[in-house]
Structure formats: structure tokens, C-alpha cells
Amino acid sequence: MEQRRAIRCLLGVVAAVLLCSVTSAQLRYSIPEEVNEGTVVGNAAKDLGLDRNTLKERRYRIVSSTAEPLFYVSQTDGILYVSRKIDREKECPQSSTCVMNLKTVLENPLEVHYVGVEVVDINDHSPNFSEEETTLDISESVLPGARFQLTASQDGDSGQLSVQHYKLSENDHFRLEVKDKGKEGKIPILVVKKSLDRETTGRFSLVLTAFDGGKPPKTGDMNIVINVLDINDNAPVFSKDVYSAMLNENSPIGTAVIQVNATDLDEGLNANVVYSFSKNSPNILQLFDINANTGDIVVKGPLDYEENDMFEIEIQASDKGSVPLKTEKSVNIILVDINDNTPEIEVTSFSSSIPEDSRPGTTVALISVNDLDSGLNGKVICSIGEDVPFALSPSLQDKMYSLVTKSPLDREKISKYDISVVAKDAGQPALSSEKTISVFISDVNDNSPEFSSSPYTFYVTEGNHAGASVFSVKASDRDENENAAISYHIVRDGREGSKLSSFLSINTENGQISALKSFDFETLKSFQFQVVATDGGSPPLSSNVTVNVFILDRNDNAPVILYPVSSNGSAEGVEEIPRNMKAGDLVTKVRAYDADIGYNGWLLFSLQQVTDHSLFTLDRYTGQIRTLRSFTETDEAEHGLLILVKDNGNVSLSATATVTVKLVEPKEAFAASDVKRAAAKVDEEDDNATFYLIVTLGSVSLLFVISIIVLIAMQCSKSTEYTSKYLQDANYDGTLCHSIQYRSGDKRYMLVGPRMSIGSTIVPGSHANTLVLPDRRHTSSGEVRHTFSVFCVMS
């Protein structure tokens, strides 16, 4: 069709040239196109100079090869009319000038006239694009200034009424240039004025408008769709600026942590994102894993809050472009603590022990507690038992405590404390731990030595070996080490009661006391001295104790015959008695004494030899010689009696006396009767004394045994928690259990049984007849009374 139009156009041009050359002098009219049918073009006959009256006869007409000519001429008046509407664009396509050459003919004679009718274009067509929408694919990599030719708009009009210019809708990335290509018209060209970014704008919808030269101009539009072609110029972009996740520690393997998501503004493979770990420590890779396609992060290994409470994981998102682009993002995973750690207790002691005189508030140790958990799970409270003299004092520093004393200490009561420190956290459920702190209490010299008995009472048998140990005292000190190292010494103050202490020696280390001389009961019955025990503390402490020593008699004295009177080493006497004495009458009495006392001084009399056993009898206890029967004439006038006097010691000592009894007539014996009566009176008294002596010796024996038993019991049970002081003699109430006197030889003895309390002593210098009572008695045991015998020598 285009080719046909081109041929037609060419023929028209040729015809026009010929016509112009042949009929240059002919008529030429001009009419607008699209005029109505019957529109007068012009009076051709008149303008050609033809006689209008002959037009009809000569058959004035237009010769046309078409069936429907555009014009016709009237034979009446010769006026040229439009026979139908003329479409210039149809009749003269692609021609800037449209001239219709009409051939008019007259007959008779034949006359040909050419009339040219120029059809003047009117703006009856709008610019028209061959397609309503055109699509351009432009790579986002093009540079500004890139040009893209667009399809020109067509307009059926010509000349100034054809497309004169174009306009592109407003945008920031493209502009329009128009190139005038002459007959081809004006060609629009799209020019890139700003770099394209598909990810910002991947598609542009523009409108190209063509304007013709009419007034007003007519327009035609064409939509231009520009698709920006992707290049891999965008790395993946994560959906969040910060990825954070909370995760419980000890979460099982496979637990989902968080999902990361990245998008790529590119397309196709350039936008296909895969995920991986990037630049992470081997530890991270052992604990977590990531799904390459979905971005899901899961737990891979065991998690422990105490080892690491937060993880910063580097995630890499990469596209699948030919040259992959990558983006990295940090994922912060915060572990949520669970109470899986017990509190830890650490003790820092200042010393291995503290003195027992430490004041309340003295710091013993520093205790720090720690819990690897956090929050309430890591909040720890420490406590100790209430039954110890210690307390926990919180420190200004968190989780620090001071173990301090809260009450006085006494090493002698408790020398070591095992303090249980309990640390308990505030978790649910709570966890606790316990640690024992051993606190040793060191000794200070706060206790004086204490004697095992106070006072001490010792019984020493006379005749001891000089220099031998006779007894010992023992003191103990509740302190320890040097403070409990005790030394002993005897007080030698020169007083009368302690003069005998000069004959004593004490071992300073063990309290063994030795006598430097042998004691004689007959000379010394008892004495008293004091021993001081001193410890090794600094300063030293000491205490003293009174030691009462009683000398026990031993049978070291033989009986002494008082009557008959001894002469030349033997006791011999002569008694004259009347023959008329009856049976049972007293003949005489052998008198004797023993310096010993008790059983050792208890004398027994026996007849060793007698001339006639039927005449005389000897009283075993009194030494009285009496007649067994009356004398007869046949009895001898002189009789000899050998009397043995012995004591009751374990090894008896004895003496003998010889009494010669002479029988005389009553008259001869009368002179001695007064003496006999006097002697009988004395004998009666002696008989009474002898009886008392027997009773006394029995009582002494019994009391002695009881005293020893009670004394042993006292020593075993007596508390040492008291002190004694001596009372004046006036404090003794003087009450005696019994008081028996007897005479032996030229001395008179009194046996007394005093009532005494525990700790009673004999006051030195009181001849062992003054009792001293302690100033207080132990409240727990009460007063315990016991009886023992004291022998008092009276002149």
C-alpha cells in the first residue's frame, strides 16, 4: 500500500509539472477541503471568457476519468461547483500541495480549457501514533545521555497542520528531543537524563503527545512503557536493622532462635538470597546453625549462661548473581538465665585463731559469696546459726560479709567453733550451699591455777626417811601452753605457824613435797603451811592453798613401867599384904604408860610367871593384881609375879615388871593400911580411867576408819570452785561430838571428835584444838559434815 501511494504521489507530481507548463495561463481556484457539496468554486466560463449563452449548445463539461468526479460545471452559467466533499488527505496523500487539474471541454468547435482547483488543507486530522502504547526495555546500567528513537506520530494534514512538535510527560529520568527529518517529518527521540535504578523505579509510564500546527492544535498521545532491565547492582538487604532474640539457656538442640530475612531489589537469580554464618568464632559454629534458604537460626550445641550470656552472630546474605553481592548483619542472642548454679562461698580468714579476750565486733574472717546466675537467681543471702557467739555483718561491697564476734569468748568452755555458713539464692526453686568455717580460740592467761583440793590434808607417819617424798599437791590451769605451765613454791614468811616449812622442799614442776627431816609424833602432832602455784603467763597468775599435815603415830615407843619404880634398868617392887585378905581384894597395881597413842599406846597386862596360879589374878586392861582366894596357913609367905606389859602396835613393844608379894600378919600390915586406902582410891580412879581408855580407843578406831573413808569421798567429789580464808578462833562454835580424857604416865590425854565442814583446817599454833571453817560453802553440793579424830595433848 505504501508503494502504491508512493507511485501515485510520483505521478501526481509529474502531472502537476506538465500541467503547470501547459496550462500555466489557465484558471486556478482554491477551495478548502471538506466543503459541502454544491459549493461554488468559481465562474469558470466567465473567467475563461466564454460566452455563457453558448455553453449549453457547445456542451460545456468537465472531462473526468472517475465515476464520481469531485467537481461539475453548470452549462447554464458556467459556474464550477463541488460535487462531493473532498478529503485532501485522500486525494493528495503525502503531498504538501493538492491541486486538482480539471479538464473542461467545449464542442463545436472543440475547445479545451484547464482549470486548476487547489484544495487547501484544513486541520481536520489529529496526530495519530501507529500504536497506542509502545514498550522500551532499557538497562539500568545505561548512562545519562543515552538516546532512544520513538515512532513518529502521523497526521493526515500537511504542512503547518501536520505534526509540528512533541511533548513528554513530566519525569525526572527522561527528556525529549525532536529531530526534523524533512519529508519524513519530525522524529521524537527519548534521552536519558538521570541514571536509572530498577530497584528504585523499575517501570516508567510516560505519555508522548504530538501537536499539529492548527489553531487550536490537535494532539495525539502514545503511552510509553519503559521497563528498566535489572543488573546485579544490589546486595541483599535485611528486613531489620537489628536482630535480637531472647533464648533460655540449656535450650535443647534444634530449638528455633530467630529467623533472619533479607531481600534483594534485583530480579531473578540476582534476587535469590541464601544465608550463611560469616566471620564467627568456632565456638559460635558449634552452638548455632542456620538454614541457608529460610534464614532460620537454631540451637546446635549446649548453651550455658554462665559461660556466655550473649552471642553476637554475624549473618551473611548473598544473592546468586554471576558476581554475587553479599550483605552482613549481626544477630544478638541474649541468653535468659535459669537457676542452675548453686552459690559459691569463699572464706578469707585473718588468722588461724583469735584470742579469747577479743571484743565483740572483732572481725574473724571475710566471706564472699558468688552466684554465676543473674537477677534474682544470682541474689544470695548468707546466714549462720544462732547458737554461736558470732554474727555475719554485710559489707558495703556487694556479696561480701564479715564474720565478727557478737559476745565474749571463753576458750576454757569452747576452744573451737565449727560455724556453718549457708548461702541461699533467691531463685525459684532456691539453691543453697553450705561451708563450715573452723574458728579456733587462742588462749589468754585469764585463769589462775586451781588446786585439786583446798585445803589439803595429809597424814604422815612419824619416822619418815629424811629427803623422801611424803606427799604432793596438784594444781591445774584451764589455760593452755605457757599459760598453763605451773610452778610450785612453799610460802616461807617467817610466821610461827610456817616455821616448820623450812624442813620441807617442793619440786617446782610437779608439786612433790619432801621432808628434810624425820617427824616425831611425840614431839609434833600437826603443822600447817601454804603452797603457791604460779602459771607461766604474762603477767603470771597464781593461787595458794593451805596444807594441813597430821603426823600419824607409829609404834616406836615401848611401854614404860611407872610402878614398880624402875631401878637399874628393871622394874621391881615389893608389896606386903595381910594374910587375912579375902578373895578379890586388891593386892597392887602395875602402872605403865606408852608415849604412843591409839592402839600403839593401848597397853595390855599379862602374868608371865607366878609361884602360885591359884592365888593371884592380873587384870588384862588395868594391871590390877587381886587375890583369887583367901590365904591359908600352908601358903608361902612370899610370892614372885613377873608381869609383861605390851602395847597393841602391829609389832608390839613390851616391858616387864617384877612384883614380890609378901604375906604378913594384919598388925604388921596395919601401918600401911592408910597408904593402901589412899592407893585404893587412886586405883579406883585409875580403874575408871582404864575403862574410859578402852572406850576411847574403840571410838578412836571407829572414827579413824570413818574419817579416812569420808576424806577419800571428799577428795573425789569436792568442787574446786571456791576459795577459803581462815576464820578467827572465835568463829568456831566449840561443839564436840565427844570429849574423853585419860592419863598415861605423867601426861594426860583428851580425845575429841570435832564436827567439821569440807575444807576445815587446823590453825597453826593452836595445839590442834582449834577448828577453822571455810568462809563459804559450795552451793551445788551443800554442806557436807564428817567426823575425824584429833588428839590433843594437854599438860
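Over the ring of which residue does the charged end of Lys525 sit? In this predicted model, the ring belongs to Phe521. The charged end of Lys525 lies 4.4 Å from the centre of that ring. A further charge is placed over a ring at Arg591 and Tyr563. Here Arg591 lies over the face of Tyr563, at 5.7 Å from the ring centre.

Aromatic pairs were then examined. The count comes to 16 aromatic pairs. Phe129 and Tyr166 form one of them, with 6.1 Å from centre to centre. The planes of Phe129 and Tyr166 are 45 degrees apart, and the pair is tilted. Phe129 is in the loop between strand 7 (111-120) and strand 8 (133-139). Tyr166 is in strand 10 (residues 163-168). Phe129 is buried, as is Tyr166.

Trp602 and Tyr621 give a stacked pair. Their ring centres are 6.4 Å apart, and their planes meet at 25 degrees. Planes under 30 degrees apart count as stacked, so the angle of 25 degrees places Trp602 and Tyr621 in that class. Trp602 lies in the loop between strand 45 (591-593) and strand 46 (604-610). Tyr621 lies in the loop between strand 47 and strand 48. The pair therefore ties together parts that are 19 residues apart in sequence. The two partners were also assigned by accessibility. Trp602 has 16% relative accessibility and counts as buried. Tyr621, at 36% relative accessibility, counts as partly exposed.

Aromatic residues also group into a cluster. Its members are Phe451, Tyr456, Phe458, Phe471, Phe519, Phe527 and Phe529.

The loop that holds Tyr621 runs between strand 47 and strand 48, and these strands belong to an open sheet. Three strands make up this sheet, in the order 44-48-47, with antiparallel pairing. Strand 44 (586-589) and strand 47 (616-618) are the edge strands, and each pairs on one side only. From one strand to the next, the twist averages 20 degrees. Strand 47 and strand 48 (residues 624-627) are joined by three bridges in the antiparallel sense. Leu618 stands opposite Ile625 of strand 48.

The disulfide count comes to one. The link joins Cys92 and Cys98, with sulfur atoms 1.7 Å apart. The cut-off for a disulfide is 2.5 Å between the sulfur atoms, so the separation of 1.7 Å meets the criterion. The angle about the S-S bond is 60 degrees, and the link is right-handed. Both Cys92 and Cys98 are buried. Another cysteine, Cys382, is buried too, with a relative accessible area of 9%.

Cys98 also figures in the surroundings of Glu91. Glu91 lies in helix 3 (residues 88-91). Leaving aside residues up to four places away in sequence, Glu91 touches Leu70, Arg84, Ile86, Cys98 and Met100. The C-alpha atom of Glu91 is separated by 9.2 Å from that of Val119, which stands 28 residues apart along the chain. With 26% relative accessibility, Glu91 counts as partly exposed.

Methods. Residues are numbered from 1 along each chain as its sequence is written. This is a predicted model: local features need pLDDT of at least 70, side-chain atom pairs count only at pLDDT 80 or more; totals for chains, interfaces and linings use all residues. Side-chain values use heavy atoms; hydrogens and water are left out. Two strands pair if DSSP finds at least two bridges between them. Helices (H or I, at least four residues) and strands (E, at least two) are DSSP runs, numbered from the N terminus. Axes are lines fitted to C-alpha atoms, for helices over the stretch in contact, and angles run from 0 to 180 degrees between N-to-C directions. Rings of Phe, Tyr and Trp (its six-membered ring) pair if their centres lie within 6.5 Å; planes under 30 degrees apart count as stacked, over 60 as edge-to-face and the rest as tilted. Buried means under 20% relative accessible area, exposed over 50%, partly exposed in between (1.4 Å probe, protein chains only). A charge sits over a ring if NZ of Lys or CZ of Arg is within 6 Å of the ring centre and within 35 degrees of the ring normal. Contact means heavy atoms within 4.5 Å.
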